[in-house]
Protein chains: 2
Amino acid sequence: MRDFSNDHRWLSINTATVRRQRGADWPLPDILDACAERGIRAVSPWRDQVAVAGLRATADCVRRHAMELSGYCRGGMFTYADEVSRRAIRDDNRRALDEACTLGAACLVLVVGGLPGALGGRAKHKDIAGARAQVVDGIAELLEDARPRGMPLAIEPLHPMYAADRACINTLEQALDVCDALDPARSGALGVAVDVYHVWWDPKLLALIERAGRARLLAFHVCDWLTPTTDLLEDRGMMGDGVIDIRRIRAAMEAQGFAGYSEVEIFSARNWWQRDGGAVLDTCIERHRHCV
Amino acid sequence: MRDFSNDHRWLSINTATVRRQRGADWPLPDILDACAERGIRAVSPWRDQVAVAGLRATADCVRRHAMELSGYCRGGMFTYADEVSRRAIRDDNRRALDEACTLGAACLVLVVGGLPGALGGRAKHKDIAGARAQVVDGIAELLEDARPRGMPLAIEPLHPMYAADRACINTLEQALDVCDALDPARSGALGVAVDVYHVWWDPKLLALIERAGRARLLAFHVCDWLTPTTDLLEDRGMMGDGVIDIRRIRAAMEAQGFAGYSEVEIFSARNWWQRDGGAVLDTCIERHRHCV
């Protein structure tokens, strides 16, 4: 297992972690500059941040800083209620794939979507099995485009509390079943993003990481689970402030040969988004060394 | 599958659903009277409500109304950080068992506990596998007392969002693995409480209900999952107001021979607890007929 205590060469910052500090958007170029100043070698930006900063300008900024992208957030949201939506979703995912390629991301992260309409509070139906079938079809279709371009797709199983509105793939087992169905050769074109926040509770977690193996382990996201958690979406904790045994999970990943970045992804409306962005990055560096 | 649309003979009210209306505790005897007035034949009370009303008085009230208890809430919370706690928890569970027997409950529901200290916001450790091992030992010990008294123990897997602080048994699969380990003969002494709120998201749910079979299906709890859900604990929805396909789950239960009550258990600080208790019961009856 790698020793992180002496440096932060394997730290990546998911830029949602510092996206909006003290009520004002922190522009992506400024985030990248602040990361570079601190010797942070990798980031994972969100599409809306890139759209504001400009795709080409962002790619140039990344190159100027000699940075890597541990992933690109995100494709997915595959579920639909009608054919018009289905085509719009397909086209949007193709654009996400293009962007990921332009930025040279290590993978395109997929948050697969829940029941159509549920995110807006008005689910069109209650057929989660049907939604899951749409997700498999959507991933299969996107994989046809992604594979020849060499852009791996990383299915991110989301915590079951997001099953209704954000992602109906909710366990690593379920994500790996999809991988096995669509990429039985374990080519590396399709795998999983393991976010400790989403999977830490799973009694089968360590066995599933072993099942995934090197070829399927495309990304590793860290934060912490707070007790109490006061909001379903935006109350994630900084590593070390919660109950997740992050090191145990990282050890399981590395036992399979995973040697990539630990990507910090924290949505925290009440705490970390209320602080100076640079100070948050400094804390990420410190916690990466001692709590990851 | 039973037709619920013409009457509510298979409706049970978990008394937490109307425990505190408009800021004032609704005393358990009054809840039971209000249920009886409406032809509700079963309830599932909580220990703290029974403690206030008195065990003997509650048992008399239940008998006077010729009511059944679809379950008794609750035993469990097996996890501990020291030997003194372990013994206190064991003794408290024995008292819960005594009470369930006195009240003639169909089963004692077990919410098994999370990381010790986490419910108070200060987890003593992060070893969830260790906590799970304590849970298995605790259930095994309680089962020795419960089996000769003919009181079935119903393990209630709780939603993974409660893994840290309330219950580290989080899937039906995990609960059934414990049942198989401790009661391989499927004697009926140990089984599961299936609460749709906790398990609806599980991609393996229907197969797991089949695996459970008649002997392990001891209780069925209903409410609904709202989108958005604004609180992790106290924002459950009334049946029909959310995204859970309750009827599909009930059909799976009944296909295995389950023929017990549908127990309504709703914790709703912002909505149903703000209403007149009798009106809430009337709504439960109506929704039981049309949405369960």
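This is a predicted model: local features need pLDDT of at least 70, side-chain atom pairs count only at pLDDT 80 or more; totals for chains, interfaces and linings use all residues.
**View 1**
The contact between the chains involves 25 residues of chain A and 25 residues of chain B. On the side of chain A that touches chain B, 14 residues are nonpolar, six are polar and five are charged. Of the interface residues of chain A, 100% are also interface residues in chain B, so the copies meet through the same surface.

**View 2. The open sheet of chain A and its edges.**
Nine strands of chain A make up an open sheet with parallel pairing, and their order is β5-β4-β1-β11-β10-β9-β8-β7-β6. The edges are formed by β5 (68–69) and β6 (72–76) of chain A, each of which has a single partner strand, so one side of each is left without a neighbour in the sheet. Elsewhere in this sheet, strand β7 (residues 108–111) of chain A runs parallel to strand β8 (residues 153–155) of chain A, and three bridges join them. Within that pair, A:Val109 stands opposite A:Ala154 in β8(A).

**View 3. Strand β1 of chain A between its two partners.**
Which residues of strand β1 (residues 11–14) of chain A point one way, and which the other? A:Leu11 and A:Ile13 point one way, whereas A:Ser12 and A:Asn14 point the other way, and all are buried. In a regular strand the side chains alternate between the two faces of the sheet. β1(A) pairs in the parallel sense with strand β11 (residues 262–264) of chain A over three bridges, and A:Ile13 has A:Val264 as its bridge partner in β11(A). β1(A) also pairs in the parallel sense with strand β4 (residues 42–44) of chain A, again over three bridges, and here A:Ile13 stands opposite A:Val43 in β4(A).

**View 4. The nonpolar core around A:Val192.**
The largest nonpolar core has 199 residues, and the members that touch the most others are A:Leu108, A:Val192, B:Leu108 and B:Val192. When its neighbours within four places in sequence are left aside, A:Val192 is in contact with several residues that include A:Ala154, A:Ile155 and A:Pro157. Its contacts also include A:Leu172, A:Ala175, A:Leu176 and A:Cys179, as well as A:Ala212, A:Arg216, A:Leu217 and A:Leu218.

**View 5. A:Leu182 in helix α6 of chain A.**
A:Leu182 is found in helix α6 (residues 172–182) of chain A. Is A:Leu182 buried or partly exposed? A:Leu182 has 17 other C-beta atoms within 10 Å; because a residue counts as buried only with 20 or more such atoms and as exposed with 12 or fewer, A:Leu182 is partly exposed. Not counting residues up to four places away in sequence, A:Leu182 touches A:Ile139, A:Ala140, A:Leu143 and A:Leu190. A:Ala140 is 42 residues from A:Leu182 along the chain, and their C-alpha atoms are separated by 6.4 Å.

**View 6. Strand β10 of chain B and the strands on either side.**
Strand β10 (residues 217–222) of chain B is mostly covered, with six of its six residues buried. Strand β9 (residues 190–195) of chain B pairs with β10(B) in the parallel sense over four bridges, and B:Ala193 has B:Ala219 as its bridge partner in β10(B). β10(B) also pairs with strand β11 (residues 262–264) of chain B, in the parallel sense and over three bridges, and in this pairing B:His221 stands opposite B:Glu263 in β11(B). Together with helix α9 (residues 246–255) of chain B, the strands β10(B) and β11(B) make a right-handed β-α-β unit.

**View 7. B:Asp276 in a loop of chain B.**
B:Asp276 is found in the loop between β11 and α10 (277–291) of chain B. B:Asp276 has 12 C-beta neighbours inside 10 Å and therefore counts as exposed. B:Asp276 and B:Ile13 are 263 residues apart in sequence, and they are 15 Å apart in space, C-alpha to C-alpha.

Conventions. Residues are numbered from 1 along each chain as its sequence is written. Chains are lettered from A and ligands numbered from 1 in the order in which they are written. A nonpolar core is a set of buried Ala, Val, Leu, Ile, Met, Phe, Trp, Tyr and Cys residues joined through C-beta atoms within 7 Å. Two residues are in contact if their C-beta atoms, placed from the backbone, lie within 7 Å. Helices (H or I, at least four residues) and strands (E, at least two) are DSSP runs, numbered from the N terminus. Two strands pair if DSSP finds at least two bridges between them. A crossover is right-handed if, with the strands pointing away from the viewer, the path from the first strand over the helix to the second runs clockwise. Ala, Val, Leu, Ile, Met, Phe, Trp, Tyr, Cys and Pro count as nonpolar, Asp, Glu, Lys and Arg as charged, and the others, Gly among them, as polar.
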